[in-house]
Amino acid sequence: MLRSVYLKTLRDRWLGAAIGVVALFLVAWMGIAAFAGMGDDAEDFIAAMPEAYLSIVGISAEGGVVGMMLGNMFNFMGPFVIAGIGVSMAAAAIAGEEAEGTMNVLGSLPRSRTRLLTSKGLAAVTVVVGAAVLASLSYGLAAVISGETLAGINLTAATVHLVAVALFYAAVALALAAWTGLRALASSVTVGLIVLSFLASGMLPLLDGGEAWAKASPWYWLNGPQPMLNGVDWAPVVVLLGAVVALALVAWWGLNRRDLGAGGARTPLLDRLRTDPRVGKAVSMLVGSGSTRGIATKAVTDARPLMLIGGAFVAFQAVVVGVLFTAIGGDIGSLVDSMPDAILAMIGFVDMSTPEGFYSGEVLSIVAPLVVIAAAVSAGAALAGEERRRSVAVLLALPVSRTSVAARKGVAVAVVPVVVGLCVAAGFAIGNAVGGLGMAWSGIAASGLMVAGLGWFFGALAFAIGAATGRAQWATAGTAGLAVLAWGVNAFLPVNPDYAEWARLSPVHWYASENPLEAGVLWGGLGLLAALAAVLVAAGVVAYGRRDLR
Amino acid sequence: MTDAPSLEVDHLTKRFGDFTAVDDVSFAIHPGEIFGFLGPNGAGKSTTIRTLLDLIRPTSGACRVLGMDSRRDAVEIHRRIGFLPADLALWNNLTGRQTLQYLANLRGGVDWKWVDQLSERIGADLDRKVGEYSSGNRQKIGILQAFMHRPEVLILDEPITGLDPLVQLEFHSLLRETADAGGTVFLSSHTISEVERVADRVGFIRRGHLIAVERMSELHDKALRRITLEFAAPVPAAAFEGLEGVHEATVEGATVTAQYEGSMAPLLAVATQHDVLSVASASVDLDEIFLEFYRDEVQAAEK
């Protein structure tokens, strides 16, 4: 191992990981405090829960409110954040240095590729394990300062399972990036895998005999054996870690057999995929050629891949959900009826026994916001991206004012969420027709509009941060952090009537205070989101006109 | 030359898909030599260099540095060479000194006294972050990292990019000192004046084909010079054609331009038979020399 490379990688990454841990701590603390404040009511909820349900979500009755909240942290938010950090580090391990062009210098040193890869890989393992352990300790802290106890909860076992699953995803990204040298490809494919396996492990068990299939999803092993209750189930952990080792060997093999990228002269990922005979045709059809008609049209077309892939994904999920509901609609009602408010809070207190409620819980509460925020933030951060790539010097040498350039880039922030919203509505419409669910068309249109509104707000936020600072990373990471926090505030504060009013601070609340499939467009919330988005874009345009560019 | 070559490219071919970037290129460089690698953008210079470094692998053929195979012994080769990539990228969040420390930690065997001396010579600023440097200052860090371990072989890809003329001079005398001490310098460039100034031998590459390798001194001997003669009255071009050493003569009104090699005497003898108003003479650019002498090879490469 190369100590310098290892330490430099840690140095570059610790801050991002620390921010992730702090965000997890805040969400856990908020949730535990909210539940704890309910006093005996919370205990009653748990006591009233059927044994079958407790076992599904992996909570022991003794675990109480803390166990319920931590179940959420270990099975939902924690793995997303920690696996996300691991994937981003693993994808950038070698491919990142290639993209930056620094591989030219690093690769000319008298150290083998194998040792570089090992050092970078171990740094990723260190950060994943460190973040997971610190997060778990912080949950303990959150429980203690809320006056709760950790009795009956095996934090260590849950952490072991979390680490094994997170390392598995990181190893997938490492292998992909080592073979292709394409950081963006490796991280986006792996994130796609994470989301798919998350959905598979959540939805397959709802079907008869689906539980067995769900075991194929790595995500299942976070909670399937209920480590918080039963301790570490070593068999799956060992299998996952074995897969990590195998994938690391695959990465080693791939890296040692290929040409390294040169950085500066590299072509964008999509152009490279387009020239690849195997996938070129499909990619060309999907992406088309970027429009060069004007700054605004180019900004919109630049955002097209994420917008269309994400939109298609959510639309596909919506169709599947429609079919799924027809298959299991009858059974799910009784299961959901027995759920306590605390769990329902995560999916917005919807009644899962109606198609409207099922759609809201499965699509509108998590996946659609995730996709629309990702697409909108990437469109919003694009202005700052021009500075990182230094193409801004050429752009601003044109006879167009700076504010005008910024404003035209801002058009993409308005358009991209609308396209994602249309995809959502189209998916709902098809699912509605295929499943014969009889949902109101106006509610379906309203859902698309609300999704677009949420995208406007976060896209505009990323735009404003990027325009004011010129740092695309700050725009992306800052907005993502705030989005997670906003989601947490909206999901967990309403559980406790004393805190419920505070949820109004969250933009997610304005999006999801009622189910648009039933209530139609929430004009107040939509208006607020749109107005704030307009203010943020305007502020960004003004700030961009005033500061020194980087 | 009897020494074993310190750098050898042996029938190297590199293809990227259907595109052949380097096509059956062979040459060798010996200790104490500065070898200029000259060619237009996209000729295959950087591809050849990246193969020498084992950043990319040959489609066929091989490269040897200090007698070792570029693939098999990459690590040992890297220990003994210094490399300055074209279009240098460094870590923007490190200062110049941190960058050098980072690379020195990875490399080992760095003499910091020598680094300080060098850095003073080329006037490098080590205390700011690389992201804040001008391209010239970043290039100086690149030069320092290539020289800091006193390598036996230096591989430099467009090294003077962004450097001001005074630093260029200092850098070139550094190259000469390195070669005089028995080191080997492989200098890739599209800046003709740079290659002319420092190289002992020069290879000319075009569209992936190595057109020719020539000694600089021999090139200068047969170097084409261009003479421009202004006469009082128009003179027929035919008067100069076929003269010993004259390659090409063109007439424009009363002005005759001719390219010649060797002695100017036969040409002047003819010229002075007419009423000469002025004479101007200049050397012809290196690439024009190549294009003139290797017209057939260049045409073959263009196909």
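I began with β3(B), where B:Ile34, B:Gly36 and B:Leu38 point one way and B:Phe35 and B:Phe37 the other way, and all are buried (under 20% relative accessible area, with a 1.4 Å probe and protein chains only). I recalled that in a regular strand the side chains alternate between the two faces of the sheet.

I noted that this is a predicted model, in which local features need pLDDT of at least 70 and side-chain atom pairs count only at pLDDT 80 or more, while totals for chains, interfaces and linings use all residues. Residues are numbered from 1 along each chain as its sequence is written, chains are lettered from A and ligands numbered from 1 in the order in which they are written, and side-chain values use heavy atoms, leaving out hydrogens and water.

Which strands flank β3(B)? I found that β3(B) runs parallel to β8 (residues 184-189) of chain B, joined by five bridges, and parallel to β9 (residues 201-206) of chain B, joined by four; strands are DSSP runs of E, at least two residues long, and pairing takes at least two DSSP bridges. B:Leu38 has B:Ser189 as its bridge partner in β8(B), whereas B:Phe35 has B:Arg201 in β9(B).

I then wrote down the whole open sheet of six strands in chain B, ordered β6-β7-β8-β3-β9-β10 with mixed pairing. Its edge strands are β6 (81-84) and β10 (209-215), each pairing on one side only.

Note on methods
Buried means under 20% relative accessible area, exposed over 50%, partly exposed in between (1.4 Å probe, protein chains only).
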